[in-house]
Amino acid sequence: MKAMIAFLLVLFACAPRPVSQDTGQPYPSLTEQRAAAASKNHATPVRLLDSAQIISDLLFLASDACQGRAPGSTGHQLAAQRVMERMRAAGVDSFGGSLLDRRMARPINGSSEIRNVVGWIKGTRYPSNFIVVSAHYDHLGIRNGKTFYGADDNASGTACLLAMAKYFKQHPHEYSLVFAAFDREESGLEGAEAFAKWFAAEKSTSNVLLNLNMDMIARSDKNEIFASGISHYPKLRYLVDAVQEKVNVALLMGHDTGNDLDDWTKQSDHHVFHKLGIPFLYLGVEDHPDYHKPTDTPGKINFSRYIENCNMIAMLLEAYQ
Ligand SMILES: [Zn+2]
C-alpha cells in the first residue's frame, strides 16, 4: 500500500557510532541510523521460527494456484484455507469457535465478504491484555490476464505470522497474543477495520496494548527494514533497541512523521488501530520496483535475509514488556 519513493542513500561505512542528536525527534536522523547500522558487528543469525514452514507458505501463497489472492476468487479461498490449516496445526484458540471469524463477515459490493482468519494464545501473566500481531493475506488477483503474485506484498508477512503463531504457542508470551491474517487490506484496510472495531469494543480498547503489523517484510536491496510508529508512540523504541545488535539487517526508525520520510501511518492495517488510540509498530520495507506489479514474485526474494527479518520480528515481540 505504500507509495513509491526514492532516496539518496548516504552510508558512512566506517563512521564512529553516532550519538543521538537533539533534533526534537524520538530517534536519530536516518543518516545517523544508517551509519550506526553499517558499523554493527556481524550477528550470528537467531533462528526461533520454522524456516522451512515460512518458505513453503510464502511459495504457496505466491503460487499460480492462489491466483494473486483477490477476495472472492478460488485462489483467495485456497490461501485462506492454508492460513487456517497452519493456525489449527499450531494449536491456537479461536474467538467464538471458528478461526474464520464470520461474525465480522459482511458482503462487499455484493460479491464477496471479509474473511479474516484470527486465532489467539492466552498470556501466562496478563491474560486480559492483548497484543494483536497482524498481516494481510489478500492481494490484487489477476488483471488483464496477468497474475499479481504479491510475494512480498504480503505473502511475506502472512508466512511470518503463521510461523510466529506456531512458535509462541510453544513459548507463550506473558501477554495474550492475537494472530490476525487480515483480508481486504488492498481495498482499503476493510478486514482490519471490521476486526479492530469489534475487538476493541469486546475487550475494551485499554486492554489492547499493541498492534504489531507486518506488510512487505521480505525485500530490500539495501538490507533495510523500517519499524514505523515510534514518533507516535515513543515508548516503543526500546523494542527496536532490544533487537538491533542481534540482527544484521539495518532496522531503521522512520516513515511516521518523525523525520523527512513519507508518512506510512495510514498505509496499512495498523492505521485502524492507531485511529482507536491503540499503539502500533509497523514493520515493512521501502517500495521496490516490483511493488504492486506482476513481478512481485518469490524469485526476487533473498530468503536468507527474509528469514532473518521474520526472526527479528519474533524477537521484538518477545522483548515486549
Ligand atoms: Zn500490503
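This is a predicted model: local features need pLDDT of at least 70, side-chain atom pairs count only at pLDDT 80 or more; totals for chains, interfaces and linings use all residues.
## Overall composition

The chain contains eight helices and 11 strands. Of its 321 residues, 50% are buried. Among contacts between residues at least 6 apart in sequence, 78% join residues that are at least 24 apart.

## The nonpolar core

The largest nonpolar core comprises 92 residues. Within this core, the residues with the most contacts are V133, C160, L161, M164 and F179. Helix α4 supplies the largest share of the core, namely 10 residues.

## Helix α4 against helix α8

Helix α4 spans residues 151-170 and helix α8 spans residues 303-318. Their axes come within 10 Å and cross at roughly 50 degrees; α4 and α8 are therefore oblique to each other. The crossing in which α4 passes α8 is right-handed. On the α4 side, the contact is formed by S156, C160, A163, M164 and Y167, and on the α8 side by Y306, C310, I313 and A314. Classified by residue type, this contact holds eight nonpolar residues, one polar residue and no charged residues.

## Helix α4 against helix α3

Helix α3, residues 74-90, has an axis that comes within 9 Å of that of α4, and the two cross at roughly 15 degrees. Because of this angle, α3 is roughly parallel to α4. The crossing of α3 and α4 is right-handed.

In this pair, V83, R86, M87 and A90 of α3 meet T158, L162, A165, K166 and K169 of α4. The contact of α3 with α4 is made up of five nonpolar, one polar and three charged residues.

## Helix α4 against helix α2

The axis of helix α2, residues 51-61, also comes within 9 Å of the axis of α4, with a crossing angle of roughly 145 degrees. The crossing of α2 and α4 is right-handed.

From α2, the residues involved are Q53, I54, D57, L58 and L61. They meet A151, A155, S156, T158, A159, C160, L162, A163 and K166 of α4. By class, the contact of α2 with α4 has nine nonpolar, three polar and two charged residues.

C160 is among the residues with the most contacts inside the largest nonpolar core. Leaving aside residues up to four places away in sequence, C160 touches I54, A135, M214, I217, C310 and I313. In the helix pairs, C160 takes part in the contact of α4 with α8 and in that of α2 with α4.

A163 also lies in helix α4. A163 counts as buried because 26 other C-beta atoms lie within 10 Å. With residues up to four places away in sequence excluded, A163 touches L49, D50, Q53, I54 and C310. A163 and D57 are 106 residues apart in sequence, yet their C-alpha atoms are 9.3 Å apart in space. A163 belongs to the contact of α4 with α8, and both A163 and D57 are listed in the contact of α2 with α4.

## A partly exposed strand residue: K146

K146 is located in strand β6, which covers residues 146-148. K146 has 13 C-beta neighbours inside 10 Å and therefore counts as partly exposed. The C-alpha atoms of K146 and Q67 are separated by 9.3 Å, although these residues are 79 apart along the chain.

Terms used: Residues are numbered from 1 along each chain as its sequence is written. Axes are lines fitted to C-alpha atoms, for helices over the stretch in contact, and angles run from 0 to 180 degrees between N-to-C directions. Helices (H or I, at least four residues) and strands (E, at least two) are DSSP runs, numbered from the N terminus. Angles under 35 degrees count as roughly parallel, over 145 as roughly antiparallel, 65 to 115 as roughly perpendicular and the rest as oblique. A crossing is left-handed if the near helix is turned anticlockwise from the far one by less than a right angle, and right-handed if clockwise. Two residues are in contact if their C-beta atoms, placed from the backbone, lie within 7 Å. Ala, Val, Leu, Ile, Met, Phe, Trp, Tyr, Cys and Pro count as nonpolar, Asp, Glu, Lys and Arg as charged, and the others, Gly among them, as polar. A nonpolar core is a set of buried Ala, Val, Leu, Ile, Met, Phe, Trp, Tyr and Cys residues joined through C-beta atoms within 7 Å. A residue is buried if 20 or more other C-beta atoms lie within 10 Å of its own, exposed if 12 or fewer, and partly exposed in between; C-beta atoms are placed from the backbone.
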